[in-house]
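Dear colleague,

Please find below the structure that I am handing over to you. My notes on what was found in it follow.

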Amino acid sequence: MDAAAVARRMWVRFETYHDVTYFTPEARAATDDLGCLGGWMGYFGTRAAPLGAASPEAVTSAFYNFHPSRVARALPDAWRIGKPDRYLEARLAGADGALRRMLGDGEPRVRRPG
């Protein structure tokens, strides 16, 4: 199997987990519970949370494929709503809930923020 085929297979396997972390109803509900206004605020808050309360400029640099104005509209307002640790909790709760729904493993075990 060539490198491109291996890369594609890996992307398909791992992108699924990336998607449930940020783009499911459970993920959106978890960030809405924090008080986020719109999907991008929750997305950037949960994705950037491991960096701490990073500035829009730092996040734009780290996530190079987003227009700076999109990041600046979401941050630092996200950090006014909740500290990064709250976003990490929301990230885990959303992913846990989505995976349990999709895989049929019962009730979420991670406490949702709120």
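I begin with a helix contact. Pro25, Glu26, Ala27, Ala30, Thr31 and Leu34 of H2 meet Arg86, Tyr87, Ala90, Gly94, Gly97, Ala98 and Arg101 of H7, where contact means heavy atoms within 4.5 Å. By class, the residues of this contact between H2 and H7 comprise seven nonpolar, three polar and three charged; Ala, Val, Leu, Ile, Met, Phe, Trp, Tyr, Cys and Pro count as nonpolar, Asp, Glu, Lys and Arg as charged, and the others, Gly among them, as polar.

Please note that this is a predicted model, in which local features need pLDDT of at least 70 and side-chain atom pairs count only at pLDDT 80 or more, while totals for chains, interfaces and linings use all residues. Residues are numbered from 1 along each chain as its sequence is written, and side-chain values use heavy atoms, with hydrogens and water left out.

Helix H2 (residues 25-34) and helix H7 (residues 84-103) pack at an angle of about 150 degrees, and their axes are 7 Å apart. Axes are lines fitted to C-alpha atoms, for helices over the stretch in contact, and angles run from 0 to 180 degrees between N-to-C directions. H2 and H7 are therefore roughly antiparallel to each other (angles under 35 degrees count as roughly parallel, over 145 as roughly antiparallel, 65 to 115 as roughly perpendicular and the rest as oblique). The crossing of H2 past H7 is right-handed; a crossing is right-handed if the near helix is turned clockwise from the far one by less than a right angle, and left-handed if anticlockwise.

H7 also packs with H1, at an angle of about 120 degrees and with the axes 7 Å apart. H1 and H7 are therefore oblique to each other, and H1 passes H7 in a right-handed crossing. On the H1 side, Tyr17, Val20, Thr21 and Tyr22 meet Arg91, Gly94, Ala95, Ala98, Leu99 and Met102 of H7. The residues of this contact between H1 and H7 divide into seven nonpolar, two polar and one charged.

As to aromatic residues, a search of the whole structure finds 10 pairs (rings of Phe, Tyr and Trp, the last by its six-membered ring, pair if their centres lie within 6.5 Å; planes under 30 degrees apart count as stacked, over 60 as edge-to-face and the rest as tilted). The ring centres of Tyr22 and Tyr43 are 5.2 Å apart and the planes are at 65 degrees, so the pair is edge-to-face. Tyr22 belongs to helix H1 (residues 3-22) and Tyr43 to helix H3 (residues 39-48), so the pair ties together parts that are 21 residues apart in sequence. Both Tyr22 and Tyr43 are buried (under 20% relative accessible area, with exposed over 50% and partly exposed in between, for a 1.4 Å probe and protein chains only). Ring pairs link Tyr22, Phe23, Trp40, Tyr43, Phe44 and Phe66 into a cluster.

Seven of the 10 residues of H3 are buried, so H3 is largely enclosed by the rest of the structure. These buried residues pack against H1, H2, H4, helix H5 (68-74), helix H6 (77-81) and H7.

Overall, the protein has seven helices and zero strands, which are DSSP runs numbered from the N terminus (helices H or I, at least four residues; strands E, at least two). Of its 114 residues, 36% count as buried.

Yours sincerely
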